[in-house]
Amino acid sequence: MENFAIHIHESYLYGLPLSVVNLIVMFGAAFVVLLGFVAPFAGLLSFIERRIAARIQCRIGPNRVGPQGLLQFLADGVKSLFKEDLIPKVADKPLFIIAPYLVFLGMFTSFVVLPFSSQWIVADLNVGILYLFATAAITVVGLVMAGWGSGSKWSMLGGMRSAAQIISYEIPTGLAALTAILLAGSLSLQEIIAAQGPHPWQWYFFDNPFTFIAFFILFVALVAEGNRAPFDLPEAETELVSGYNTEYSGMRFLFFFFAEWAHLYVLGAILTTLFLGGWQVPESLLASVGAESIAARILELVFFQLKIYVLVFLVVQLRWTVPRVRMDQMMDMCWKYLVPIGFFCVAGVAIWMMLFPDGVSFVKYLLIAFSSAMVLYYFYKVYRNFKDSRAELELNPFV
Amino acid sequence: MSSGYFNNIKEATVSLFNGFAITLSNMFRKPVTLQYPDKTPRSVTDLMPERSRSWLKVEMPICTACLNCEKACPIDCIKITTEKDPSGRVMSGFDIDMAKCMYCGLCTEPCPTGAIHFIPEFERASFSLDQMISRFVPEGEKVVPYKVPKKDKDEEKNSAKEEAEDKAAEAEPDA
């Protein structure tokens, strides 16, 4: 980044002071990242989610705008742009206006530290994982502001719930992430990935039974932090109309959803980075395209994306599998289950590292065998459920 | 208490596992959606049931201009105008405002000839309320109402007389 700014300064904008050029380059980069990557991704994810949801419910989903409805999110975006921007009379105007941008900011600044490949990362902060959790907390401020500023009871309740929820679930998130941090001995996301390997038995997911459990804790806690179903209490439609975003319309309303889908991606990226080996590609594959070539970087990106998409698919499926939990159940789950188990995992990993500094390959293979067996059993159950329903099989996703 | 605690964890895991298996199996089912305007096997009007209640239609050749439907309509969306003509009574207008119509079907019941009835056609949305009025008498034209043939009426009268006579005959022996 800095080298690029210096290069621009020397070749094109030598009349301006370096700090100004730096600023321009930074804004330019943010603009490109937002427009070129994050926005289309969040949009596409909304399309994918709607299609998956539709298929689970025996529908087809959006399929009219563009090929197979792929451009539906653009149509929705343009529609929102032209909608009237309503501000309620009793709203706290400055808070009401600024809230969506804070939510947006909280989600999108986390893209700065996401490692897309061994070299493609905006900033490899040495406190990367802390930074991720810190930016997630900005979102809470935005949500509470939106709830308070709207001047409506429903929004207020939604905002309060989101504050209670996100702050509670920060703790299991931190504890579960701590297991991976302990093993890697670093907070930098790139170093955590580098400490793992491309093969499953080198991932932290299968490293020992405690990280195995920690993965699931982190999964649940991150789903709850993103206000995703079954933890979508802040925007519980049946109780709170739409929660904190009840009074919003047009582009501001869209920003909340933008942030929600972007968080889905961040969720996948965090889990992949900490437990599933990130962008690691088997060396034989890497050598075949040349370890230093751009093709190798793209290959790493593809591996990273694939793992994320599997997790994103699970989160989307979870939304259509489980009903929304009650407020007290959600708090119970956090404080009575996730937090104690999280502490247990952290202590377990610490003791495990003390006893077996090099890891136990037998345990790793056992865990992999167990997981594979569960996955196989899962697909067998899917097959049985399908057979029992006597439905017509339709494997084509583009109906 | 502790057994309840671990039972809860076990139950959550097992039920989630089963739930995921169910939703994924549902994903491979064929969608039942009928893609409405353009991807139906036949035109949608043909797919509708024969007696479905959509737009109203009046068979003008058999309308008797009795105004029964106009009187039956609870929201007055039917408007029939009749005039005196040298040849007799004629209809100069029969308008049904389908934008007001609530598809109750009360107008079809008193119709003596079954002239007013529902048709399965429904795709007639338009951009102005004027276009929602279906006019069955073209403007400037006059339609002579259908007259139920006299012969039928005579037969009815005859049959009524016969019935009365029969009853009288039945009553006589008792007297």
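Visitor: In the loop between which strand and which helix of chain B does B:Leu67 lie?

Guide: B:Leu67 lies in the loop between strand E1 (55–58) and helix H3 (68–72) of chain B. Helices (H or I, at least four residues) and strands (E, at least two) are DSSP runs, numbered from the N terminus. The model is predicted: local features need pLDDT of at least 70, side-chain atom pairs count only at pLDDT 80 or more, and totals for chains, interfaces and linings use all residues. Residues are numbered from 1 along each chain as its sequence is written, chains are lettered from A and ligands numbered from 1 in the order in which they are written, and side-chain values use heavy atoms, with hydrogens and water left out.

Stay with B:Leu67 for a moment. Its phi is near 65 degrees, a positive value in a residue other than glycine. At 22% relative accessibility, B:Leu67 counts as partly exposed. The cut-offs are these: buried is under 20% relative accessible area, exposed is over 50%, and partly exposed is in between (1.4 Å probe, protein chains only).

Now step back to the chain around B:Leu67. Chain B has four helices and five strands. Along the sequence, they follow the pattern α-α-β-α-β-β-β-β-α. Chain B has 175 residues, and 28% of them count as buried. Take its contacts (heavy atoms within 4.5 Å) between residues at least 6 apart in sequence: 74% join residues at least 24 apart. The accessible surface of chain B (Shrake-Rupley method, 1.4 Å probe) comes to about 12100 Å². Carbon and sulfur atoms hold 54% of that surface.

Chain A also has a positive phi in a loop. Phi of A:Asn227 is near 55 degrees, and this residue is not glycine. A:Asn227 lies in the loop between helix H8 (209–225) and helix H9 (237–240) of chain A. At 5% relative accessibility, A:Asn227 counts as buried.

Follow H8(A) next. H8(A) packs with helix H13 (residues 327–355) of chain A at an angle of about 150 degrees, and their axes are 9 Å apart. These axes are lines fitted to C-alpha atoms over the stretch in contact, and angles run from 0 to 180 degrees between N-to-C directions. Residues of H8(A) in the contact include A:Phe210, A:Ile213, A:Ala214 and A:Ile217. From H13(A), the contact includes A:Phe344, A:Cys345, A:Gly348 and A:Trp352. By class, the contact has 14 nonpolar, three polar and no charged residues. Ala, Val, Leu, Ile, Met, Phe, Trp, Tyr, Cys and Pro count as nonpolar, Asp, Glu, Lys and Arg as charged, and the others, Gly among them, as polar.

Aromatic rings come next. The structure holds 34 aromatic pairs over all chains. Rings of Phe, Tyr and Trp (its six-membered ring) pair if their centres lie within 6.5 Å; planes under 30 degrees apart count as stacked, over 60 as edge-to-face and the rest as tilted. A:Phe210 and A:Phe344 form an edge-to-face pair, 5.5 Å centre to centre with 70 degrees between the planes. A:Phe210 is in helix H8 and A:Phe344 in helix H13, so the pair ties together parts that are 134 residues apart in sequence. A:Phe210 is buried, at 17% relative accessible area. A:Phe344 is partly exposed, at 48%.

Another pair joins A:Phe257 and A:Trp261. Their centres are 5.8 Å apart and their planes are at 45 degrees, so the pair is tilted. They are four residues apart in helix H10 (residues 250–275) of chain A, about one helical turn. A:Trp261 is buried, with a relative accessible area of 17%.

A:Leu71 is found between helix H2 (18–56) and helix H3 (72–82) of chain A. At 37% relative accessibility, A:Leu71 counts as partly exposed. Leaving out residues up to four places away in sequence, A:Leu71 touches A:Val65 and A:Gly66.
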